[in-house]
Amino acid sequence: MSMLELVQYHGYPISHEFITTEDGYILDLYRINGPRLDQSSTNSGSNKEKQPILLIHGLLQSSLRFILPGPEPSLSKSIAYQLADSGDFDVYLINMRGNIFSRDHESKDPDSSLDYWDFSFEEMGEYDIPAAIQHILAQSKEEGSNFKSLPIVGFSQGTTAILYGMSDQSKARDIYREKVDLAVLLGPAVFL
């Protein structure tokens, strides 16, 4: 089952978009913009402005990490579904360069070009996450919301990319400083 099919199977509204980074990588971005369709109308948030939030996966993972094990509270309900069901969040899930869902580039072929694979968490923090942040906030503005910043949640490698992006070495540090109002680091994979 694809990400779209799985989220739809669980009864959530989802859309799929592509964003292109400054250095040409084409990334998958998914959006769960409402609670489970069978939820009561009390937390549907249909007329309510929802805070966009970006979830960033870990090493050798994908956006699937944030929707598994699923929406049922009998196990442990996934963070993406918890946020969506609250009616307070517009949940975005990025697939960073090189993972199974984001293997496209404007000019490099991942199957035949070694140059495609010449990246690390630094490029993810400097290009991938800022491209997603800017896309999400621009889309939010187009839809009539007034959000100028958003919270981001990173897991493992996602935290490493976030911290690099926020560092003085990153060209993107101003995007993080101006457009990220909270960074939640789950299982940070860093050495300070």
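Biologist: Is leucine 60 buried or exposed?
Modeller: Leucine 60 counts as exposed, because its relative accessibility is 85%. Exposed means over 50% relative accessible area, buried means under 20%, and partly exposed lies in between (1.4 Å probe, protein chains only).

Biologist: What kind of model is this, and how are its residues numbered?
Modeller: It is a predicted model, in which local features need pLDDT of at least 70, side-chain atom pairs count only at pLDDT 80 or more, and totals for chains, interfaces and linings use all residues. Residues are numbered from 1 along each chain as its sequence is written, and side-chain values use heavy atoms, with hydrogens and water left out.

Biologist: Back to leucine 60, then. Where is it found?
Modeller: Leucine 60 belongs to the loop between strand 3 and helix 2, the latter covering 79–85. Helices (H or I, at least four residues) and strands (E, at least two) are DSSP runs, numbered from the N terminus.

Biologist: What is the phi of leucine 60?
Modeller: The phi of leucine 60 is positive, about 60°, although this residue is not a glycine. In general, most residues other than glycine have a negative phi.

Biologist: And what about the phi of serine 156?
Modeller: Serine 156 is not a glycine, yet its phi is also positive, at about 55°. Serine 156 sits in the loop between strand 6 and helix 4.

Biologist: Why does serine 156 count as buried?
Modeller: Serine 156 counts as buried because its relative accessibility is 18%.

Biologist: Glutamine 157 comes up next. Which element holds it?
Modeller: Glutamine 157 is part of helix 4. Glutamine 157 is buried because its relative accessibility is 14%.

Biologist: Which residues does glutamine 157 contact?
Modeller: Neighbours within four places in sequence aside, glutamine 157 is in contact (heavy atoms within 4.5 Å) with His57, Gly58, Leu59, Met96 and Met124. Glutamine 157 and histidine 57 are 100 residues apart in sequence, but their C-alpha atoms are 7.1 Å apart in space.

Biologist: Let us change topic. How many residues does the largest nonpolar core have?
Modeller: The largest nonpolar core has 27 residues, and Leu29, Leu54, Ile56, Ile94, Ile129, Ile133 and Ile152 have the most contacts inside it. Two or more residues each come from strand 2 (25–32), strand 3 (51–56), strand 4 (89–95), helix 3 (121–142), strand 6 (150–155), helix 4 (157–166) and helix 5 (173–179). Helix 3 gives the most to this core, with 7 residues. A nonpolar core is a set of buried Ala, Val, Leu, Ile, Met, Phe, Trp, Tyr and Cys residues joined through side-chain atoms within 4.5 Å.

Biologist: What does isoleucine 133 touch?
Modeller: Beyond residues up to four places away in sequence, isoleucine 133 touches Leu54, Leu150, Ile152, Ile175, Lys179 and Val180. Another core lies apart from the largest one; it has 18 residues, among them Met3, Leu6, Val7 and Leu55.

Biologist: How far does helix 3 reach?
Modeller: Helix 3 has 22 residues and reaches 30 Å from its first C-alpha to its last, close to the expected 32 Å. That expected span is 1.5 Å times one less than the number of residues. Glycine 144 follows helix 3 and has a positive phi, near 95°.

Biologist: Which residues does serine 140 contact?
Modeller: Serine 140, in helix 3, is in contact with Pro52, Ser145 and Phe147, leaving aside its neighbours within four places in sequence. Serine 140 counts as buried because its relative accessibility is 6%.

Biologist: Finally, is lysine 50 buried or exposed?
Modeller: Lysine 50 is buried because its relative accessible area is 15%. Lysine 50 lies in the loop between strand 2 and strand 3. Between lysine 50 and alanine 84, 34 residues apart in sequence, the C-alpha to C-alpha distance is 9.5 Å.
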